[in-house]
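I am opening a notebook on a structure that is new to me. I will write down each thing as I look it up.

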Amino acid sequence: MEESTQPKKLTTASGRPIFDNQNTQSAGERGPLLLQDYFFHEKSAHFNRERIPERVVHAKGSGAYGTFTVTHDITHLTRAKLFAKVGNECRMFARFSTVGGEKGSADTERDPRGFALKFYTEDGNWDLVGNNTPVFFIKDPIKFMDFIHTQKREARSNRKSPTMMWDYWSLNPESLHQVTILMSDRGTPYGYRHMHGYGSHTFSLINAANERTWVKFHFRTQQGVKNFTDEDAKHMKAQDADFAQHDLVDAIDKGDFPKWTMFIQTMTEEQARDFRWNPFDLTKVWPQGEFPLQEVGTMELNAVPENYHAHVEQAAFAPAHVVDGVGYSPDKMLQGRILSYPDAQRYRLGANYEHLPVNACPFGFSNYQRDGRMALGDNGGPGPNYFPNSFDGPVEDKTQGEPHEALDGFADRYDRNEGPGNDDHYTQPGNLFRLMKPEAQRDLIHNIVGAMSGIEGPKKDLITQRQLCHWFRADIRLGMAVAKGLGVEVEMPAQHLPEPSLAV
Ligand code: HEM
């Protein structure tokens, strides 16, 4: 049978065909409108409800569907079905984002980039909600809300405020490692295809023998790392605020599918117990010389969702979503995120947000959660809505238990910056600076000076001096060059003076 070439009929949301979508019903040609014009009322009322709360952070983003393929065997480490054999393929969804800007903000702002992945596995959805940086600004989740306030708008001026940012960072030196990455050209990546991604936290892998190994996930771009300089990023902001969205969508639409290679770093429980610093500290990396990258698989993004709001805006990623064979760790930041994301999503999308197509497990789900706003699907049908029951309702899977985790100590509020290695906020950022090529060092200094030049007001000198101390403690040459760029006089013995190449 030949397909009809007739366009679909325009209807109301309840399916009644609309016969005039251009002229509101009025009392006479020149008279007022009639309350009974339901076509108009429905259209206008729905429009008034088009906006949902944007994500409180990471509001601006781009998403795509893709495939993850296992290329190397890690079954000795994990029993997750996703990794059960080389060649396994898993459908996935990725969303990249900036952090501090609103939904309409520019893609090229200096900011970390979100790197959120959802793997639709047969054991449920596994979300890895990371960034393009292996570390973070803080190591205790109770600081997150204050930190994010400094990245948003200042209370009175309603402007972004370098004063707030540097005030906070200078008072929280644990941020220095992430701030160093942010101020380098990695803070302005060239779209989303040319950056690495990191799970950032330590997670755990659990194998068939119920043994636990600590793990960090890395995704290395196969497109090659490419960043904007500060000037180019600002220029692009004026030219195309949605640059990263264009770049991703255009590449996929023309069949140039972006790919990343997934690697893991692993640490045994014994190594973790004896490690030089807390291996669950999110402000530090595990040195790759000691904990080498092990290849696991390839992720390819190959389909742009047909509707942005339905798939990208309504996507709900949560660090809470792990699957059998992959677990949490005592990383305080990870622990703090477990409750926060679903809480935010119940507010942003509603209690039944897991029913939305982008979030629903394609292999199905069965539980005793019922009702609530917008319950899609059959809401459990006629099945029992309590557990346990005698009516063939879903039962527990006793094979999925995790190994015991030995705990000790007293319930208290422990200072995260006390204890061996915990107060060393300087070695890793200093090493990062010393490892950079001279051009990268110059760009870093240039970007820091540019950003710190925005500090203003009566506390300008205090904040500037305090942050300068941190740069000095990371690396004297870095501190000197930033001070010089800011026009701050520093007395320093001649042998410590920076090389001329670092001048800004
Ligand atoms: C205690 C620390 C943190 C808290 C409380 C927190 C909280 C949140 C919240 C409430 C959202 C919005 C969720 C939504 O509405 O869907 C969000 C989004 C996000 N967060 Fe965090 N966050 C924390 C730390 C981190 C860290 C350390 C990373 C990366 C390593 C990260 C990466 C992301 C990403 C990528 C998104 C956007 C996900 C998407 O694309 O939908 N966050 N965060």
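I start with strand pairing: two strands pair if DSSP finds at least two bridges between them. Helices (H or I, at least four residues) and strands (E, at least two) are DSSP runs, numbered from the N terminus.

**Ground rules.** I note that this is a predicted model, where local features need pLDDT of at least 70, side-chain atom pairs count only at pLDDT 80 or more, and totals for chains, interfaces and linings use all residues. Residues are numbered from 1 along each chain as its sequence is written.

**Strand pairs.** I looked up β7 (residues 212–221) and β8 (residues 259–268) and found nine bridges joining them, antiparallel. F217 has I264 in β8 as its bridge partner. β8 also runs antiparallel to β9 (residues 294–303), with six bridges between them. There, K259 stands opposite E300 in β9.

Next I turned to β3 and β4. They are antiparallel and joined by eight bridges. They form a hairpin, with two residues between the strands. A116 is bridged to V129 in β4. Is β4 mostly covered or open? I found seven of its eight residues buried. A residue is buried if 20 or more other C-beta atoms lie within 10 Å of its own, exposed if 12 or fewer, and partly exposed in between, with C-beta atoms placed from the backbone.

**Whole chain.** I counted 13 helices and 10 strands in the protein chain. The radius of gyration is 26 Å, close to the 23 Å that the globule rule gives for 504 residues, so the chain is as compact as a globular protein of that length. The radius is taken over C-alpha atoms, and the rule is 2.2 Å times the number of residues to the power 0.38. Of the 504 residues, 36% count as buried.

**Ligand shell.** How many residues surround the ligand? I find 27, and the closest are H58, G114, P141, S200 and A344. Near here means a C-beta atom, placed from the backbone, within 6 Å of the molecule. α9 (332–348) is among the elements that supply at least two shell residues each, as are β2 (89–98), β3 (113–121) and β4 (124–131). α9 gives the largest share, eight residues.

**D140.** I located D140 in the loop between β4 and α2 (144–151). It is partly exposed, with 17 other C-beta atoms within 10 Å. Leaving aside neighbours within four places in sequence, D140 is in contact with K332 and R416. Contact means C-beta atoms, placed from the backbone, within 7 Å.

A cis peptide bond joins F387 and P388, with omega about 0 degrees. I place P388 in the loop between α9 and α10 (427–435). M374 is found in that loop between α9 and α10 too. M374 is not a glycine, yet its phi is positive, near 55 degrees. M374 is exposed, with 11 other C-beta atoms within 10 Å. N158, also not a glycine, has a positive phi of about 55 degrees. N158 sits in the loop between α2 and α3 (162–171).

**Confidence.** I checked pLDDT, the predictor's confidence in each residue, from 0 to 100. The chain mean is 95, and 97% of residues reach 70 or more. Over residues 500–504 the pLDDT is below 50, and this stretch has 14 contacts in the model beyond near neighbours in sequence. Where pLDDT is low, the predicted coordinates should not be read in detail.

How values were computed:
Contact = placed C-beta atoms within 7 Å.
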